[in-house]
Amino acid sequence: MPLPFLQIVQKARDAFRSGCTRSVDFRERQLKQLLWMLEENTSEILEAVGKDLRKVRVYVLADDGVNFSVDSKQEALLLEVNVVINEIKSALFHLKEWTKPEKPSKGLVNAMDTVIIYNDPYGVVLIMGAWNYPFQLSLMPLVGAIAAGNCAIIKPSEVASASADLMARLIPKYLDQDCFQVVLGGVLETTMLLKEQFDYIFYTGSATIGKIVRAAANEHLTPVTLELGGKSPIYIDNTVDMGIAVRRILWGKCVNAGQTCIAPDYVLCSEAVRASFVAKAKEVLEEWYGSNVKSSPDFGRIASDKHFTRLQSFLNNGRIAVGGETDPSERFIAPTILTDVKPTDPIMQEEIFGPILPVINVDSPSDAISFITSRDKPLAFYIFTNNSKDMKMLVENVLCGGISCNDTFMHAAVDTLPFGGVGYSGMGAYHGVYSFNTFTHKKSFLGKNLNPIAEKLISARYPPYSERKINF
Ligand code: NAD
């Protein structure tokens, strides 16, 4: 029988107050345990992700009519397991340096004093993951929370239920059971959980629910990080090698069947570029998935019927230039490129979050900037050009979470770069040291010297005030 939420949070709070998470040794042990959890249970993790997103095992009909399974573990291994393992290893490597009190520079007035920034944990943090990368999006923030010395309640998305159940089973086996607890459930449970007081909330998901989370956090003045989504555009011109550009764009769109927060959402280009883009895209998709994408073990499925129906309705927008095949029984949507799409079409009003890529005509980089900046600030922006002047102009004029030039996704894989959105695509950032900082309160410390010379340095502040003292 699971504990009521109040008791779950209280248990974590008591553990935090005991001070056990403050030592670097404890944090190191927990991080190593998390690493072992991933290493020792990789196949179970891939199996669970496969059930939720059909990313791992795809059942195809062999020529002899017998069902057989094909393992295509690479995507899940890379983006659900290895990425978290790398984050843990990096945190372990840097932990001592990150946790050390910082000594900032100081002015003349404090020349004889001690000025320090202490890296304090917040306390009990709530981590709410999303379904599209169920392990990565719950565990990457957890690495930061542990490194920074917090206790954490982890709430994976109920939509990826096999992954959520596995996390609920594995985490108590590997991590301290008082400090780190998993809560399962959907809207009802999450609504109740959000009534509890946390010291920090880290949420990944849509902007609509992000607003609910932020409103709940406001009740207790709890700081939040919101990792949201939105429409991440591509600008592509005629200076690029189209073969390379298309492969990098389609990979970003096809990974996890387009269900990635930083998946390229739409393409902005001239009419001439559109023609060569579409022609090359046909070739590349054929090369990757063969003539029947549905039977390829390397292409995923849409996570729920609701999302499938929503995505299918977008296929009526514009003209299908590539793909367009669907199968509701498998929630399969082929990688699809739509042309003649109008900015007012439904597909251009919300994040697509699926393998459909509309192309919109623009005549210049300035037109692309006007198009993008007239909408909400994107989470990611992808520029494909060899023209450095245009690239500079695009980078400087588009406000967004992050940019990859001549690639998609990969800025998020650089662990020395912060990852996060701005405006409707989110607030706050994480990955690497930015995760540590997100879960850390920077506590200022001033240690004054009682020496008479130090006293002289600050004596101008005492009454009686005079012109001479002010000008001192
Ligand atoms: P989701 O349905 O998995 O929900 C995310 C979390 O919100 C879950 O823990 C869920 O239980 C909770 N939740 C759902 N409804 C709720 C409610 N009414 N009240 C309180 N909590 C509730 O995820 P989603 O929202 O479908 O995720 C898709 C969105 O997430 C997309 O916009 C995508 O771009 C974004 N996303 C962003 C990132 C990022 O890192 N920035 C990563 C992945 C996904």
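These are my notebook entries on what I looked up in this predicted model.

**Entry: ground rules**

I number residues from 1 along each chain as its sequence is written, and I leave hydrogens and water out, using heavy atoms for side-chain values. Because the model is predicted, local features need pLDDT of at least 70 and side-chain atom pairs count only at pLDDT 80 or more, while totals for chains, interfaces and linings use all residues.

**Entry: active site**

I looked up the UniProt record, an unreviewed entry, which places the feature "active site" at Glu227 and Cys261. UniProt positions are in the numbering used here, feature names are shortened, and annotations may be inferred rather than shown by experiment. The two span 35 residues in sequence, yet their C-alpha atoms are not more than 9.0 Å apart, so they gather at one spot. Cys261 is part of the lining of the second largest pocket. On a 1 Å grid over the protein atoms alone, a pocket is an open set of points where a 1.4 Å probe fits, with protein on both sides within 12 Å along at least five of seven lines; lining residues have an atom within 4 Å of a point.

Is Glu227 buried or exposed? Glu227 is buried, at 3% relative accessible area. Buried means under 20% relative accessible area, exposed over 50%, and partly exposed in between, with a 1.4 Å probe and protein chains only. I found Glu227 in strand 8 (residues 224-227). Strands (E, at least two residues) and helices (H or I, at least four) are DSSP runs numbered from the N terminus. Cys261 sits in the loop between helix 9 (242-254) and strand 10 (264-269).

I then listed contacts (heavy atoms within 4.5 Å), leaving aside neighbours within four places in sequence. Those of Glu227 include Tyr203, Phe419 and Tyr430. Those of Cys261 include Asn132, Glu351 and Phe419.

**Entry: the sheet**

Which strands make up the open sheet of six? Their order is 6-5-4-7-8-18, with mixed pairing. Two strands pair if DSSP finds at least two bridges between them. Strand 6 (180-182) and strand 18 (426-427) are at the edges with a single partner strand each, so one side of each is left without a neighbour in the sheet. Strand 8 pairs with strand 7 (residues 200-204) in the parallel sense over four bridges. Tyr203 stands opposite Leu226 in strand 8.

**Entry: the core**

In soluble globular proteins, nonpolar side chains tend to be buried together. A nonpolar core is a set of buried Ala, Val, Leu, Ile, Met, Phe, Trp, Tyr and Cys residues joined through side-chain atoms within 4.5 Å. Here the largest has 142 residues, and Leu139, Leu142, Ile236 and Phe277 touch the most other members. Helix 4 (residues 74-99) gives the most to this core, with 10 residues.

**Entry: salt bridges**

I count a salt bridge when a side-chain nitrogen of Lys or Arg is within 4 Å of a carboxyl oxygen of Asp or Glu. How many are there by this rule? The count comes to 19.

Glu28 and Lys96 form one, with their closest N and O atoms 3.2 Å apart. Glu28 is in helix 2 (residues 24-40) and Lys96 in helix 4, so the pair ties together parts that are 68 residues apart in sequence. Glu28 is buried at 16% relative accessibility, whereas Lys96 is exposed at 55%.

Arg247 and Glu287 form another, at 3.1 Å between the closest N and O atoms. Arg247 lies in helix 9 and Glu287 in helix 10 (residues 271-289).
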